[in-house]
Amino acid sequence: MVTASSNSKSDIAANFEEIEGRIRKSAETWERNANDVDLIAVSKRQSVEAIEVALSLRHRHFGENRVQEAQEKWPDLKTRFPDIELHLIGPLQTNKAKDAVALFDVIETVDRPKLARVLAKEMKAAERDLPVYNQVNTGKEPQKAGVFPEDADSFIKECREGLGLNVIGLMCIPPVEEQPAPHFALLGKIAARNSLNRLSMGMSADFETAVQFGATSVRVGTALFGTRSAP
Ligand SMILES: *Cc1c(COP(=O)(O)O)cnc(C)c1O
């Protein structure tokens with residue numbers, strides 16, 4: 001049982017074991033190779049101490065949702081552990097694009113033409129050709145980031161062919177009050193028709209369903225680290 005309130009070292013270790021086990025089990029159930037599902041440990045608003053526990057467990061793939069917070073936590077850790085892969089999973093403002101390109105290894109939230117253009121420019125300037133995901137707002141929620149499903153094909157094409165971005169897959173965050181399965185299925189469909197084979201989908205509450213629908217990475221925070229500190 002994952003307890004969302006305690007972030008002690010042994011709890012975090014037990015949580016990693018449990019979540020990795022549940023990913024393996026879901027992959028087995030749906031006849032997928034568990035090695036094809038990457039666990040991104042979402043460490044936003046978690047302490048550096050908690051991250052260090054995950055690192056001591058040899059976990060290396062992490063997600064953060066704010067550039068400024070990541071700049072405070074990660075440069076030292078990345079120096080100490082050069083094989084860390086840090087994913088930006090939160091909305092990115094164009095004025096933070098340069099900083100994001102300098103710090104992150106994967107940007108999962110490329111969701112509009114202006115941001116795509118600025119990222120392409122900053123990656124060129126920094127000589128960092130980062131893999132990116134296009135974020136799709138599968139539920140067409142007005143407050144949520146992401147390109148609408150009907151605009152996804154042309155946006156993906158613009159990112160890849162027009163701007164030369166290294167788009168490796170699609171990312172979504174389904175509406176909280178809905179069943180996630182149709183959203184995961186839709187993301188998979190858009191990816192398939194655009195020949196993209198990576199899908200970043202599934203969080204603490206629904207990662208097993210995401211694995212069922214083809215997730216190649218799941219982004220799990222509270223189920224690994226416990227409750228986050230207040231924003
Ligand atoms: C916070 C966050 C997660 C992790 O959410 P949990 O419910 O804590 O697992 C995953 N993806 C994104 C985009 C997030 O912002």
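Two bridges connect strand E1 to strand E2 (residues 61-64), and the two run parallel; strands (E, at least two residues) and helices (H or I, at least four) are DSSP runs numbered from the N terminus, and two strands pair if DSSP finds at least two bridges between them. In this pairing, valine 42 stands opposite glycine 63 of E2. The chain passes from E1 through helix H2 (residues 48-56) to E2 in a right-handed β-α-β crossover, that is, with the strands pointing away from the viewer, the path from the first strand over the helix to the second runs clockwise. The model is predicted, so that local features need pLDDT of at least 70 and side-chain atom pairs count only at pLDDT 80 or more, whereas totals for chains, interfaces and linings use all residues. Residues are numbered from 1 along each chain as its sequence is written, and side-chain values use heavy atoms, with hydrogens and water left out.

E1 is also joined by four bridges to strand E8 (residues 217-220), again in parallel, with serine 217 as the bridge partner of aspartate 38. Five of the five residues of E1 (residues 38-42) are buried (under 20% relative accessible area, 1.4 Å probe, protein chains only), with Asp38, Ile40 and Val42 on one side and Leu39 and Ala41 on the other.

The largest pocket holds about 390 Å³ of space, and Lys44, Asn65, Ile89, Ile173 and Met203 lie nearest its centre among 19 lining residues. A pocket is an open set of points on a 1 Å grid over the protein atoms alone, where a 1.4 Å probe fits, with protein on both sides within 12 Å along at least five of seven lines, and lining residues have an atom within 4 Å of a point.

Terms used. Buried means under 20% relative accessible area, exposed over 50%, partly exposed in between (1.4 Å probe, protein chains only). Grid points are joined across faces, edges and corners, and a volume is the space filled by probe spheres set on the points.
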